Amino acid sequence: MEQMRQGLMRGFAVLALAFAPLFVRAEPAQGIAMYGEPALPKGFTQLPYANPSAPKGGQIRFGESGSFDSLNPWILTGRPAQGIALYVAEPLMMRSIDEPFTLYGLLAESVETDPARTWVEFTLRPEARFSDGSPVTVEDVIWSLETLGTQGHPRYTNARRKVAQAVQTGPRSLRVTFTEPDRELALIMGMGPILKKAQWQGLDFTRATQVVPVGSGPYTVETVDMGRSITLKRNPDWWGKDLAVNAGRYNFDRMRWDYFRDSGVVFEAFKGGATDTFRETNAAKWARDYDFPAVRSGQVVLSEIPHHRPSGISGLVMNTRLPVFRDWRVREALTLAFNFEFINRTLNGGTEPRITSYFANSDLAMRPGPATGRVADVLAPFTDSLPPGTVEGYTLPVSDGSALNRANNRKAIRLLEEAGWHVDGAGVLRDAAGVPFTFEILLPQGAAETRQIVQIYVEALNRLGIYPDVTPVDDAQYQMRRSNYEFGMTWMTLALSLSPGNEQMLYWGARGVTEPGSRNLMGMHSPAAEAMIHAMLNATGPEDFTAAVRALDRILTAGRYVIPAWYPKVSRLAHVRELHFPERLPLYGDWPGFQPEVWWYEAAK
């Protein structure tokens with residue numbers, strides 16, 4: 001508890017610093033923050049959540065469910081192997097997970113931008129090298145920005161549309177200018193991977209899935225058994241090993257990912273000693289299933305990592321591209337049928353808190369009751385087009401916890417009738433033309449917990465006369481069908497940070513209605529949501545930014561696109577006792593940048 005209290009104090013202090021008045025920068029600097037100045041002073045020697053005394057050596061073995069068929073994680077084609085994106089390639093700037101949104105120089109020794117952030121300039125470190133010994137050049141950077149922005153995954157192409165040009169301004173420097181106001185772009189340009197241009201010449205980047213990338217990162221690809229395992233080896237000649245931002249990071253000599261049929265097999269592999277760490281997402285299983293011999297003997301350690309980040313969204317998403325889900329009354333009825341209190345008690349012992357909005361568990365979450373102040377002001381132009389509850393206030397339905405959930409089912413039936421659906425004499429819900437209300441729930445094979453949730457939910461839907469088809473498919477089919485939005489419902493999990501920005505357009509923007517590969521699984525097309533995202537990107541202070549995010553949170557939640565489940569307030573990591581992490585935890589807790597980056601191997605004494 002004391003550690004959590006100290007973590008909260010650090011989090012509040014960092015947020016206060018981040019939301020200080022906008023710092024006007026007109027000269028090169030070691031880092032850049034969305035608001036205010038970076039927390040770390042010039043000449044810092046380490047990240048506060050890293051242990052510079054951590055020993056180097058050993059290995060860490062992970063288990064993954066499913067398979068992979070690609071070594072190119074930067075395109076839409078294929079299912080990429082773990083590890084390459086984070087540890088083989090590097091960006092110009094690295095993100096601190098101890099601050100809401102701050103970047104520090106990595107390949108770039110400095111960053112510079114104007115007060116309005118209409119451009120950003122980076123200067124490369126002269127010592128930056130790819131793993132083959134060749135220097136990282138401005139030409140490589142410009143080629144990477146252009147190629148990823150035009151041929152890469154949608155997460156890169158969205159920001160590229162706002163780039164006017166990227167030009168070399170010196171032997172080691174380049175400037176990127178923007179076509180429209182967007183204060184976050186200066187940071188985003190520093191976050192993409194920098195690839196070696198010469199390696200990809202003559203190849204179709206959009207289809208090159210079997211090429212082992214040459215990167216500048218701390219690891220290189222040692223072995224690949226396509227679809228089954230991949231091993232990365234720490235590069236002893238890594239150019240960046242002595243940088244302050246890397247002190248105490250990337251400590252393992254090898255990192256290996258083995259793939260198994262499903263999450264249940266992954267857990268059994270961990271129990272059997274085939275892997276070294278396992279992340280448990282189910283509170284009831286954490287309490288019930290971790291009394292196996294290795295835990296009792298002390299060979300396996302159970303660690304809970306607190307965090308101070310938003311809940312994000314996790315639950316059943318409805319695909320509004322299909323006519324059956326387009327009426328908000330139908331979506332509300334389906335939400336009423338989801339008996340959260342009963343499901344949570346059955347599967348988690350009632351211990352997990354429900355996701356009440358997309359940014360719950362943070363200051364960015366929408367507030368109860370009617371919208372007021374700046375939030376009301378930014379929503380006002382769109383009031384007539386917003387679903388009920390957006391402005392007035394919306395809360396998720398609560399059941400009495402009984403299995404039958406009769407009161408909420410009665411409300412659901414009334415809403416379905418208002419929307420034109422009626423139960424016939426055979427107990428089937430139909431529209432006026434006699435067409436039954438049915439849809440497909442698409443699930444990945446082996447998702448045991450999700451299947452349990454869906455099974456309980458389907459039984460509840462049957463009481464309303466709704467008989468969906470539940471379709472489990474293998475990993476390849478699942479990823480393909482999700483990317484092409486070929487489902488009625490599916491399970492959606494999306495982590496959100498304390499610094500939402502351009503990625504929100506990939507999540508909720510209208511382009512995702514038709515363009516494959518976006519996170520807009522619900523197919524929402526909301527000018528109001530896009531306006532809130534633009535307001536976030538152009539906010540010059542914390543009040544306007546927070547108001548825009550809270551307004552977006554209202555639009556998403558009252559849109560009733562996802563039936564939310566629960567979120568953990570701690571991350572639950574089981575690991576062998578030889579694995580260690582620093583006592584000082586980051587603001588984001590167990591977030592990309594924590595495990596394995598700042599962990600280390602030390603043999604038990």
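## Around Tyr-358

Beyond its neighbours within four places in sequence, Tyr-358 is in contact (heavy atoms within 4.5 Å) with residues including Pro-310, Leu-496, Trp-508, Asp-553 and Val-562. This is a predicted model, where local features need pLDDT of at least 70, side-chain atom pairs count only at pLDDT 80 or more, and totals for chains, interfaces and linings use all residues. Residues are numbered from 1 along each chain as its sequence is written, and side-chain values use heavy atoms, with hydrogens and water left out.

## Two nonpolar cores

A nonpolar core here is a set of buried Ala, Val, Leu, Ile, Met, Phe, Trp, Tyr and Cys residues joined through side-chain atoms within 4.5 Å; buried means under 20% relative accessible area, with a 1.4 Å probe and protein chains only. In the largest one, with 126 residues, Tyr-358 and Trp-508 touch the most other members. Helix H18 (residues 542–558) gives this core its largest share, eight residues; helices are DSSP runs of H or I, at least four residues, and strands are E runs of at least two, numbered from the N terminus. A separate second core holds 36 residues, among them Phe-342 and Met-489.

## Aromatic pairs

Rings of Phe, Tyr and Trp (its six-membered ring) pair if their centres lie within 6.5 Å; planes under 30 degrees apart are stacked, over 60 edge-to-face, and the rest tilted. The count comes to 29 aromatic pairs. Phe-44 is buried at 13% relative accessibility, and Tyr-104 is buried at 0%.

Conventions:
Buried < 20%, exposed > 50% of the residue type's maximum accessible area, 1.4 Å probe, protein only.
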